[in-house]
Amino acid sequence: MQPMPDTPNRLFEVSCKSCLRTPITVARLCDPDIALVTDHLRACSAYEPLGEEPMLGAIMARVQVTRVARG
Ligand SMILES: [Zn+2]
């Protein structure tokens, strides 16, 4: 399989459903980006705490992801 081509005009805004803080903008949802979001969710105490290694689904259930074009 070919690797995915880079899509520099595509960004994702990830915002916490709980506090609706300024979204974290990421180029793609890869591990470092997920880690940022996870860090926020740990700091944001409105939900029950995430486990040591939360499932991606558990993270994504707490955030809203919007695909945006770089302007
Ligand atoms: Zn939050």
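How many buried residues are there among the seven residues of strand 3? The count is zero, so to speak a strand that is hardly covered; here a residue is called buried if 20 or more other C-beta atoms lie within 10 Å of its own, exposed if 12 or fewer, and partly exposed in between, with C-beta atoms placed from the backbone. The structure is a predicted model, in which local features need pLDDT of at least 70 and side-chain atom pairs count only at pLDDT 80 or more, while totals for chains, interfaces and linings use all residues. Numbering starts from 1 along each chain, following the sequence as written.

Looking at the protein chain as a whole, there are two helices and three strands, and from the N terminus on they come in the order β-β-α-α-β. Buried residues account for 6% of the 71 residues in the protein chain.

The three strands make an open sheet in the order 2-1-3, with antiparallel pairing; two strands count as paired if DSSP finds at least two bridges between them. Strand 2 and strand 3 sit at the edges with a single partner strand each, so one side of each has no neighbour in the sheet. From one strand to the next, the twist averages 25°, with axes taken as lines fitted to C-alpha atoms (for helices, over the stretch in contact) and angles running from 0 to 180 degrees between N-to-C directions. Helix 1 (residues 31-43) packs on this sheet and touches strand 1, strand 2 and strand 3, its direction making about 170° with that of strand 2. Touching, or being in contact, is used for two residues whose C-beta atoms, placed from the backbone, lie within 7 Å.

As for the pairings themselves, strand 1 (residues 10-16) is joined to strand 3 (residues 63-69) by seven bridges. Along that antiparallel pair, Leu 11 faces Val 68 and Phe 12 has Arg 67 as its bridge partner. Strand 1 also runs antiparallel to strand 2 (residues 24-26), through three bridges, and there Val 14 stands opposite Ile 24.

Ser 15, also in strand 1, is partly exposed because 18 other C-beta atoms lie within 10 Å. Leaving aside residues up to four places away in sequence, Ser 15 touches Leu 20, Arg 21, Pro 23, Val 63 and Gln 64.

Conventions: Helices (H or I, at least four residues) and strands (E, at least two) are DSSP runs, numbered from the N terminus.
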